[in-house]
Amino acid sequence: MSHAFLPSAAAIARRVRSGEAGPLEAARQSLAAIERKEAYVRAWSHVLPAAGLDTADPAGIAAGALAGVPVGVKDVIDVASMPTGFGAPSLAAGDAAFDACAVGLLRAAGAIPVGKTVTAEFAFRTPGPTRNPHALAHTPGGSSSGSAAAVAAGMVPAALGTQTGGSMIRPAAFCGVVGFKPSFGQVFRDGMKLTCESLDTIGWYTNAVEDAQLVADVLLGEADAGDAGGGAGRTPTIAVQLGNPRAELGAEGRAEIERACAVLRAGGVQCVSVEAERETALLLRAHDVIMHYEFARSLAPVVERRGDALSATLRQAVAHGLAIGAGQYREMRAAQASLRHGWRALYGGADAVLTPSTPGPAPVGLDHTGDASFNKIWSVLGWPCLHLPTAFNRAGLPLGMQLVGNWEGDRALLALGRRLHHLLKQQGE
């Protein structure tokens with residue numbers, strides 16, 4: 001399968017704003033790419049008909065920060081005049097009347113939503129039909145499988161996803177794209193199907209950190225003076241954390257992180273190994289309790305009325321969550337709140353944490369979405385995460401790692417990630 005790419009989001013927007021390209025040119029290219037590749041990748045639950053572009057307002061597109069950039073939207077987030085199916089097609093209602101807030105902000109900046117991307121059922125565990133563009137028999141990850149695969153396959157230069165446990169970062173790792181999960185609470189979630197009030201976060205996929213920053217400019221608003229640095233002009237310090245009590249980092253993933261640390265040290269970056277076993281174990285327990293407690297109460301009404309249309313896995317998760325008591329839930333929420341502000345205690349003066357995104361490359365099989373153990377602790381903390389694709393193994397599967405920043409240090413993380421990604425890619429060529 002061809003992996004020919006559209007231009008980057010930044011390049012598309014520049015060309016449209018300068019008049020070198022028409023406002024709808026990239027969207028038409030995107031729809032053509034989807035038509036060529038969708039039979040193999042199966043990343044989309046709904047695609048905008050080509051005639052749908054005729055209703056777009058070129059004048060409203062041409063001046064924005066994302067002028068003419070085609071985007072995909074995970075199918076738990078509303079797009080006006082498109083159906084929202086939640087990865088459960090038999091439960092899909094009619095077309096959404098309005099854009100979700102995040103989609104509206106993208107559209108106001110000139111972006112063009114070209115369709116809804118496949119999600120696991122209610123953004124949980126049961127995967128949809130999406131395949132990994134690099135190896136069709138391997139999982140693309142989940143639950144934001146369609147969004148990551150669509151970007152990896154060159155169908156769109158950017159796509160929205162969501163993360164509750166590892167649903168942004170794991171697909172980014174398996175599909176070999178840049179994935180950014182902002183700090184919890186930084187992106188408005190109106191118009192998104194919430195399943196976990198204290199965890200759900202909207203993020204996005206791109207093929208370059210520069211493009212992720214461009215989307216951040218729209219969805220996070222203008223940068224504050226103290227939130228736009230990322231260590232330029234000084235030596236950054238990276239805390240390297242590899243241990244996890246529920247997952248073993250595979251040989252390929254470990255070797256790639258060791259290679260990255262060697263490259264970064266040669267480039268003047270300080271890499272310091274850290275251990276946080278007690279905190280990691282506590283955060284994994286907290287995630288399990290908080291996620292199941294909230295997920296169950298969000299979806300219990302759906303199970304009660306339409307349980308026949310849902311997977312046994314989802315119904316069992318709801319039953320498990322309903323059995324968790326309010327006292328245990330409050331205890332874990334307290335642990336979450338306490339550790340969320342513990343950056344200095346855990347990582348001292350580090351600018352970011354370098355840690356695995358997954359135990360290894362995408363495993364074979366389409367009936368699962370992979371192990372989220374390396375993602376859950378950061379989701380429960382609500383800290384921003386950035387997956388950096390850095391290499392491919394001998395089988396052609398992507399390898400990489402994630403950078404994690406302090407809560408609400410999103411722009412600093414993106415700026416540092418762009419700097420480090422450039423260094424890692426330069427040395428890997």
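Modeller: A crossing of two helices is called left-handed if the near helix is turned anticlockwise from the far one by less than a right angle. In this predicted model, H9 passes H10 in such a left-handed crossing.

Biologist: How is the packing of two helices described in general, and at what angle do the axes of H9 and H10 cross?

Modeller: Two packed helices are described by the angle between their axes and the distance between the axes. Here the axes of H9 and helix H10, which spans residues 312-322, cross at roughly 120 degrees and come within 8 Å. Because angles of 65 to 115 degrees count as roughly perpendicular and those over 145 as roughly antiparallel, H9 is oblique to H10.

Biologist: Which residues of H9 and H10 make the contact, and how do they divide into nonpolar, polar and charged?

Modeller: From H9 the contact draws on His292, Tyr293, Phe295, Ala296, Arg297, Leu299, Ala300 and Val303, while H10 supplies Leu314, Arg315, Ala317, Val318, His320, Gly321 and Leu322. These residues of the contact divide into 10 nonpolar, three polar and two charged.

Biologist: What tends to happen to nonpolar side chains, and which residues of the largest nonpolar core touch the most other members?

Modeller: In soluble globular proteins, nonpolar side chains tend to be buried together. The largest nonpolar core in this structure has 132 residues, of which Leu160, Trp204 and Tyr347 touch the most other members. The largest share of this core, 12 residues, is contributed by helix H9, residues 277-306.

Biologist: How should I read a loop residue such as alanine 111, buried or exposed?

Modeller: Alanine 111 sits in the loop between helix H4 (101-108) and strand S3 (112-117), and because its relative accessibility is 3%, where under 20% is the cut-off, alanine 111 counts as buried. Neighbours within four places in sequence left aside, alanine 111 is in contact with Leu66, Val69, Val71 and Leu106.

Biologist: Where does serine 167 lie, and is serine 167 buried or exposed?

Modeller: Serine 167 lies in the loop between strand S4 (158-163) and helix H6 (169-175), and with a relative accessible area of 6% this serine is buried. Apart from neighbours within four places in sequence, serine 167 is in contact with several residues, including Lys74, Ser144 and Tyr205.

Biologist: How many residues of helix H13 are buried, and what follows H13?

Modeller: Helix H13, residues 373-381, is mostly covered, with nine of its nine residues buried, among them Lys376 and Trp378. Glycine 382 follows H13, with a positive phi near 80 degrees.

Notes:
Residues numbered from 1 in each chain as written. Predicted model: local features only at pLDDT ≥ 70, side-chain atom pairs only at ≥ 80, totals over all residues. Heavy atoms only, no water. Helix = DSSP H or I, 4+ residues; strand = E, 2+ residues; numbered from the N terminus. Buried < 20%, exposed > 50% of the residue type's maximum accessible area, 1.4 Å probe, protein only. Contact = heavy atoms within 4.5 Å. Core = buried A, V, L, I, M, F, W, Y, C linked by side-chain atoms within 4.5 Å. Axes fitted to C-alpha atoms, helices over the stretch in contact; angles between N-to-C directions. Parallel < 35°, antiparallel > 145°, perpendicular 65-115°, else oblique. Nonpolar A, V, L, I, M, F, W, Y, C, P; charged D, E, K, R; others polar.
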